Amino acid sequence: MYAELRSPNIHEPLNMAEYNNTILSYRDTLPYLWAGGTEIMSRPGYYPAQRANVELISLDKIEELHHFLRNDRFAEFGAMVSINEIAQAGKLVLPKILLDTINGTACRTVRERITIGGSLCTKSFKTSLASTLMILDAAAEIRYLKKRMHSKWFQLSRIYDKNGKLEIPEGGLLSKVRIAIQQYDYQYFRSAGSPMTDRENAVSLALVARFEQGNISYARIIFTLHDKGFCYSRDLDNLITSVQLPLSITRYAQIENYVADYVKESLTPVSPLQEARLKGLFHDMVSDMNETVLCYTPR
Ligand SMILES: Cc1cc2nc3c(=O)[nH]c(=O)nc-3n(C[C@H](O)[C@H](O)[C@H](O)COP(=O)(O)OP(=O)(O)OC[C@H]3O[C@@H](n4cnc5c(N)ncnc54)[C@H](O)[C@@H]3O)c2cc1C
């Protein structure tokens, strides 16, 4: 005897016109989009499953979504470009923090499957790539159905709500991501814990900064609690910008407490291990920043 298995109906549009037609003909069912499949396939009991009688749209054959282009000011990647391809193509020009974030995600084989669109649209947890792209002010093109198909560019921070919940219209497709080509004097990315196997305790921290005469003149910082959301605010950016480096131990203790309380207030409830990791990552970053500033020679 074998158990009943129902297969999903899989649509494989070859271009955006076919994609639009598929979406329009299933406007009441809202088909499920399939990119690299790494998050979808990792969900317990998802596939094959008895309830798998859904309409799936595989984005893999839409050529336009595999394109990327670059000029002096920005790089633009189609949603189906894998994060490995982004790291390869942008090795010499993309901000170092982006390459660090990509290289800190999964292993090389999995990175070949993970797409930039899937990374930004994963719903069950927050990815590190989404947070890094947010502080880099990346923008995304969203296509969505409203009587007919529309497309619009959004700053990445605007496609998530304040808790990091994806807010693109139901059935919307993220089709392209635009990343400015610029470097910073200081770029830092670290993560602790796996968002796949231990998401309640996983944390990551990303920061970019510019220095002027040994002081921070511009900073963007983001904490990601992978099960809860992003903590990203002008208050934290201003706090980092106002500090005098190298930071003394007393001043450091005040700032660490303020930052930890701020994150806990924004993303309650933070587990004890998550809090310890959050403080550990922040501590390591400040030590590294102190060291960088002491050795910094302006360009
Ligand atoms: C072994 C392993 C290790 C990992 N390690 C890390 C890690 O260290 N750090 C980290 O942050 N993440 C990690 N991940 C998670 C990984 O980042 C996600 O699984 C991945 O981003 C999903 O991308 P995908 O292309 O496979 O998307 P899919 O799994 O195909 O889709 C994910 C979701 O996005 C939707 N979607 C996909 N593309 C689009 C689009 N263009 N427009 C709108 N919606 C879309 C899908 O409908 C689905 O809901 C790991 C995953 C694995 C399997």
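Two strands pair if DSSP finds at least two bridges between them. With that rule, Phe74 has Ala180 in E8 as its bridge partner. This is a predicted model: local features need pLDDT of at least 70, side-chain atom pairs count only at pLDDT 80 or more, and totals for chains, interfaces and linings use all residues. Residues are numbered from 1 along each chain as its sequence is written.

**Overall build**

- The protein chain has 10 helices and 12 strands. Helices (H or I, at least four residues) and strands (E, at least two) are DSSP runs, numbered from the N terminus.
- The radius of gyration of the protein chain is 21 Å, close to the 19 Å that the globule rule gives for 299 residues, so the chain is as compact as a globular protein of that length. This radius is taken over C-alpha atoms, and the globule rule is 2.2 Å times the number of residues to the power 0.38.
- Along the principal axes, the C-alpha atoms of the protein chain fill a box of roughly 65 × 45 × 35 Å.
- Of the 299 residues of the protein chain, 36% count as buried. A residue is buried if 20 or more other C-beta atoms lie within 10 Å of its own, exposed if 12 or fewer, and partly exposed in between; C-beta atoms are placed from the backbone.

**Around the ligand**

- The ligand is surrounded by 31 residues, and the closest are Gly36, Thr38, Gly117, Gly118 and Cys121. A residue is near a molecule or strand if its C-beta atom, placed from the backbone, lies within 6 Å of it.
- Two or more residues of this shell come from each of strand E2 (32–34), helix H2 (38–42), helix H5 (108–113), helix H6 (116–121) and strand E8 (173–180).
- The shell divides into 15 nonpolar, 13 polar and 3 charged residues. Here Ala, Val, Leu, Ile, Met, Phe, Trp, Tyr, Cys and Pro count as nonpolar, Asp, Glu, Lys and Arg as charged, and the others, Gly among them, as polar.
- Domain 1 (6–183) and domain 2 (186–295) both give residues to the shell around the ligand, so the ligand lies between them. The domain bounds come from an automatic or database domain assignment.

**The antiparallel sheet**

- Strands of a sheet pair through backbone hydrogen bonds, either parallel or antiparallel.
- An open sheet of 5 strands runs in the order E4-E5-E8-E6-E7, with antiparallel pairing.
- Strand E4 (68–70) and strand E7 (148–155) are its edge strands, and each pairs on one side only.
- From one strand to the next, the twist averages 15 degrees. Axes are lines fitted to C-alpha atoms, for helices over the stretch in contact, and angles run from 0 to 180 degrees between N-to-C directions.
- Strand E5 (residues 74–78) pairs with E8 over 5 bridges in the antiparallel sense. Phe77 has Val177 in E8 as its bridge partner.
- Strand E6 (residues 139–146) also pairs with E8, antiparallel and over 5 bridges. Ala140 stands opposite Val177 in E8.
- In E8, 6 of the 8 residues are buried, so the strand is largely enclosed by the rest of the structure.

**The parallel sheet**

- A second open sheet has 3 strands in the order E1-E3-E2, with parallel pairing.
- Strand E1 (9–11) and E2 stand at the edges, each with a single partner strand, so one side of each is left without a neighbour in the sheet.
- Neighbouring strands of this sheet are turned by 30 degrees against each other on average, direction ignored.
- E1 and strand E3 (residues 55–58) run parallel and are joined by 3 bridges. Glu55 in E3 is the bridge partner of Asn9.

**Buried spots**

- Helix H7 (residues 128–135) is mostly covered, with 8 of its 8 residues buried.
- Leu129 lies in helix H7. Leu129 counts as buried because 25 C-beta neighbours lie inside 10 Å.
- From C-alpha to C-alpha, Leu129 and Tyr32 are 22 Å apart in space and 97 residues apart in sequence.
- Just after H7, Asp137 takes a positive phi of about 60 degrees.
- Ile221 sits in strand E11 (residues 215–225). Ile221 is buried, with 22 other C-beta atoms within 10 Å.
- The C-alpha atoms of Ile221 and Gln187 are separated by 10.0 Å, and the two residues are 34 residues apart along the chain.
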